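Trainee: I am new to this structure, and I would like to go through it slowly with you. Could we begin by looking at it together?

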Amino acid sequence: MQPFNSRKTEYKSAVRAIATREKVKFRIIVPRSMGCSGSRLAVRKDGEDTVFYSMFWAGMCGNDNEFWELHFYATTPGLYFYHFELDTPWGLNYIKNTGMGAGDFNSLGAEFQQTVFDCNFKTPDFLKGGIIYQIFPDRFYNSGAKKSGVPKSRVMRKWGEEPFWNESQMNGIWNNDYFGGDLKGIEEKLPYIKSLGVTSIYLNPIFEANSNHRYDTADYERIDPLLGTEQDFKSLCRAAKKMGISVILDGVFSHTGCDSKYFNMYSHYDTVGAYNSKESPYYSWYKFIDYPNDYKSWWGIKLLPEVEEENESYREYICGKNGILRKWLKAGADGWRLDVADELPDIFLDELRAAVKSENENAVIIGEVWEDATTKFAYGKRRRYLLGRQLDSVMNYPFAAAVLNFVRGGSAENFADCVLSIVENYPPCVLNELMNHIGTHDTERALTSLAGPDSSGKDRIWQHEHNVLSESDYLKGVSMMKTASLLQFTLPGVPSIYYGDETGMQGMKDPFNRACFPWDNINDELYRWYKRLGEIRLGCSAFKEGVFNIVYARAGALAYTRSADDNTVLCAVNVSDTPADIEVGAEWDNSYPFFGGKCSNGILRLEPFERALFSR
């Protein structure tokens, strides 16, 4: 019998983050033979001293063990780390974290974590239970509408050609090839997007910039001319809302482009940029080392000069009453995804949230954070993204890694540990809005990652040579995509489809993962699978805020449930090449099978690489 397990309600009444002043009951189980005469909960708020809370004896647990308990609550948000200490005739003994939530008598173990968030923390409801669709605008659909003001230097390509990937193709200008995808094109394809059950569209940057990815903002106040106009954006938002689809924008606020109206290195703009004069209104925004050619830039890329986000003038421009955030919310946007949110300081994120929520309290703020966002260190300190005063959600990279690793043949135990860690650490209102992707514009296509060769450390020449899978690997990848997407659609959070994943698109890293949508070559099997997942997800209340519980995790077999008041679903997968008999309980014998598996006498039989989904 374990002395403590932070992931079991018999030891901890709330297996999750708790709100300020919310009580959580801790219980430990101690052998009588230890002669315990007293026990304490040792709690250290991050950055502060340890505080000890006495536990009380709470009766016997069988003949050989005893309970010690207490109720704990915190008055201020933050991360709290804890362990237990016991007085015995042989001296002080400890219960610490030995992994996967288990506590054992071990003085060398790690601390347990308890996240405490502001009790007033609320996140918007519109994402919960929905589906996000991520679009790289230049590559989704070209409406053919005429554009004005497009720089002549841009290289226009034929739809469907391979994106330029080597220096000789680019003629010295990187990311300058365009396929003409535009906002009107997205609006035209809203019925297709809706057919997948999508409730939110996340757009990669749409503001004027001088690269096809548009992460080098040139003018935050203007839509890129190749994408259309501000009126086109408003029209897209109106049309989307009529179909029950919200639109989330990409905010790139840690840097701008050097070729922008703010920096203006090449004098392409009718402004006095920071590069042009120290008298520029934008001079104080940047971090010059030796003016004008030596300045701090994002990851050392001189095309992307870093912005001083603490600068009052910059904060007013982005977060002020007439600032960029409010301008585009008024134009129809329903929220912001923040590029490299971990590189934005607290003062900026605090003001950003205040501005967004003042304009629209139901607008969402999603941060790009690649690690566990509750424990993240940046700017030399622990960040407080998810405690109630900054972000509503984050891109769920830990889930993405767990899904892909498991489907490639990884351990169900490791998958369960990763997912439960997030479930345990994140506030429930955040957990149900996590942006659960399995691939984005920054990663390999999911299908390629699952069925292709390992591209770690490989250059673009190698990636180009291995960018297209063999027919057998492709078919294998389609099957693996079904398993990965089933997990993605049923885990806590909101599944995010990277445009074209549902059609079988493949591709190595940037720029191979940013190819044109194959409108004339859609993998119908995979498309129909995604449509069905969308229908199931939108029809089951358990996927909105349902409690997550691991039923079985052993070797290559996994089963878990999502439970709401009026609906419970069971998801099970077998990623191994041998059949699996999974103990799920007799209550599932007569449940409704959406697909896969056979349940009899509480045992769910899954054939090799089979997946199943049941509802009751």
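Mentor: Before we start, a salt bridge here is a side-chain nitrogen of Lys or Arg within 4 Å of a carboxyl oxygen of Asp or Glu. This is a predicted model, in which local features need pLDDT of at least 70, side-chain atom pairs count only at pLDDT 80 or more, and totals for chains, interfaces and linings use all residues. Residues are numbered from 1 along each chain as its sequence is written, and side-chain values use heavy atoms, with hydrogens and water left out.

Trainee: Which residue meets glutamate 22 in a salt bridge?

Mentor: Side chains of opposite charge can pair when their charged atoms come close. For glutamate 22 the N to O distance in the salt bridge is 2.6 Å, and glutamate 22 is partly exposed at 23% relative accessibility, where buried means under 20% relative accessible area, exposed over 50% and partly exposed in between, with a 1.4 Å probe and protein chains only. The partner, itself partly exposed with a relative accessible area of 27%, is arginine 16.

Trainee: How many residues apart in sequence are the parts that aspartate 417 and arginine 7 tie together?

Mentor: Aspartate 417 and arginine 7 form a salt bridge whose closest N and O atoms are 2.8 Å apart. Helices (H or I, at least four residues) and strands (E, at least two) are DSSP runs, numbered from the N terminus. Because aspartate 417 lies in helix H9 and arginine 7 in the loop between strand E1 (4-5) and strand E2 (18-19), the parts tied together are separated in sequence by 410 residues.

Trainee: Is lysine 96 buried or exposed?

Mentor: Lysine 96, in strand E9 (residues 91-99), links to glutamate 111 in the loop between strand E10 (102-105) and strand E11 (112-117), through a salt bridge of 3.7 Å, N to O. Glutamate 111 is partly exposed, with a relative accessible area of 26%. Lysine 96, at 12% relative accessibility, counts as buried.
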